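These are my notebook entries on a structure that I went through element by element.

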Amino acid sequence: MLKKLNTVKVRAGIAALILTGGLFAAIALNNDSDDWHAGCISTPAAAADKHASDIAEARNALLRNGNDPHLGIAVVDLEACTVELSWKADQAQPTASVVKLLIALDLIDRSGVPSGSEATAVHDMLAASDDRVASRLWQQHGGPEIVRRQARKLGLAHTSPATDAGQWGSTRMSPTDVITVYRHITAGLSEEERDFVTEAMESAPRSAADGFDQHFGIPRAFPDADWAMKQGWGRSDGRRVLNTTGLVRIASRTFAVAVMGSWNETIDWPTATSALTAATGAVKRSLAASST
């Protein structure tokens, strides 16, 4: 069972009672499915101007609030391996905490799936977006070199570390590159590695480690869908940054979604989160139409 909003994913044996000849027999059924596996490892095929009206609606959701909004969108159907929706998808934007995906993947590359207290720490970094864990791993494993290593390995053409080596949140990535990371998670990692990463993303609580309400964008726009997300929020280069990214399953189709926005710092967080969630809602309508 995949995690939905305000539910918890449970991987465990399920007892089923079967009536046979008047006797009840308990049979353990184990859910061993690789929930988020997909085969889209190659570059997705481009789509021909799909969902232009939904892109316009997403843009208007940000434009109507002013404050010099910047928006980038990329959505890929991981079953068909095709681009479903794209707007300024190759334009790099500050990642804020979305870069924690690269920190986790680099750690897995270096030493495998973590265990014990380190597994708990990395889970908290991905689920609750714990900055303290991210800062420790950033310092321990080379800071900007983490970003450079992952960019080389995954072919992230529009990804670069911040000029200030200590500011991991000012790493820049394009929506297309974020989608490439999700394609790697779903098609390039082993099942054990993928489960470790996605189970943390599925269990993201509403209140992050710093108290920020991280259920904007994907979880609010897709309340009835299965999702595994990594959000980002913060400030970079005099702008407020808000990114909603992750995996979304509608019906039997799985999509990788990246909606990345930034504004002048004059905008307040409630206005920014409402605008980005509205933009993500326009994306939802596109995916719902594609899934029918």
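This is a predicted model: local features need pLDDT of at least 70, side-chain atom pairs count only at pLDDT 80 or more; totals for chains, interfaces and linings use all residues.

I began with Asp68, which sits in the loop between H1 and strand S3 (70–77). Most residues other than glycine have a negative phi. As to cover, Asp68 counts as partly exposed, at 41% relative accessibility.

I then looked up Asp237, found in the loop between strand S7 (226–236) and strand S8 (239–250). Asp237 is not a glycine either, and I read for it a positive phi of about 55°. Buried or exposed, I asked of Asp237? At 66% relative accessibility, Asp237 counts as exposed, the cut-off for that class being over 50%.

**The protein as a whole**

Stepping back, I counted nine helices and nine strands in the protein. The chain has 292 residues, and 54% of them count as buried. For the accessible surface of the protein I noted about 12300 Å², with 53% of this area belonging to carbon and sulfur atoms. I also looked at how far along the sequence the contacts reach: among those between residues at least 6 apart, 68% join residues at least 24 apart.

**Buried loop residues**

Where does Trp36 lie? I found Trp36 in the loop between strand S2 (23–30) and helix H1 (52–63), and with 1% relative accessibility Trp36 counts as buried, since that class takes in values under 20%.

Ser174 was my next entry, placed in the loop between strand S6 (172–173) and helix H6 (175–187). The relative accessible area of Ser174 is 0%, so Ser174 is buried. Which residues does Ser174 contact, once its neighbours within four places in sequence are left aside? I listed Ala89, Asp90, Gln91, Ala92, His158 and Met260.

**H2 against H6**

On the H2 side I found Leu101, Leu102 and Leu105, which meet Val181, Tyr182, His184 and Ile185 in H6. By class, the residues of the contact of H2 with H6 come to six nonpolar, one polar and no charged.

**H2 against H4**

H2 also packs with H4, and here I noted axes that come within 10 Å and cross at roughly 50°. H2 and H4 are therefore oblique to each other, and their crossing is left-handed. In this contact Lys100, Ile103 and Leu107 of H2 meet Asp131, Ala134, Leu137 and Trp138 of H4. I sorted the residues of the contact of H2 with H4 into five nonpolar, no polar and two charged.

**H3 against H4**

How do the axes of helix H3 (residues 116–127) and helix H4 (residues 131–140) cross? I read a crossing at roughly 115°, with the axes coming within 8 Å. H3 and H4 are therefore roughly perpendicular to each other. H3 passes H4 in a left-handed crossing. From H3, Glu118, Ala121, Val122 and Met125 meet Val133, Ala134, Arg136 and Leu137 in H4. The tally for the contact of H3 with H4 is six nonpolar, no polar and two charged residues.

**Arg149 in H5**

My last entry concerns Arg149, which lies in helix H5 (residues 144–154). With 24% relative accessibility, Arg149 counts as partly exposed. Not counting residues up to four places away in sequence, I found that Arg149 touches Asp106, Arg110 and His141. For the pair Arg149 and Asp106, which are 43 residues apart along the chain, I noted a separation of 7.7 Å between the C-alpha atoms.

Note on methods. Residues are numbered from 1 along each chain as its sequence is written. Side-chain values use heavy atoms; hydrogens and water are left out. Axes are lines fitted to C-alpha atoms, for helices over the stretch in contact, and angles run from 0 to 180 degrees between N-to-C directions. Helices (H or I, at least four residues) and strands (E, at least two) are DSSP runs, numbered from the N terminus. Angles under 35 degrees count as roughly parallel, over 145 as roughly antiparallel, 65 to 115 as roughly perpendicular and the rest as oblique. A crossing is left-handed if the near helix is turned anticlockwise from the far one by less than a right angle, and right-handed if clockwise. Contact means heavy atoms within 4.5 Å. Ala, Val, Leu, Ile, Met, Phe, Trp, Tyr, Cys and Pro count as nonpolar, Asp, Glu, Lys and Arg as charged, and the others, Gly among them, as polar. Buried means under 20% relative accessible area, exposed over 50%, partly exposed in between (1.4 Å probe, protein chains only). Accessible areas come from the Shrake-Rupley method with a 1.4 Å probe; for residues, only the protein chains shown count as cover.
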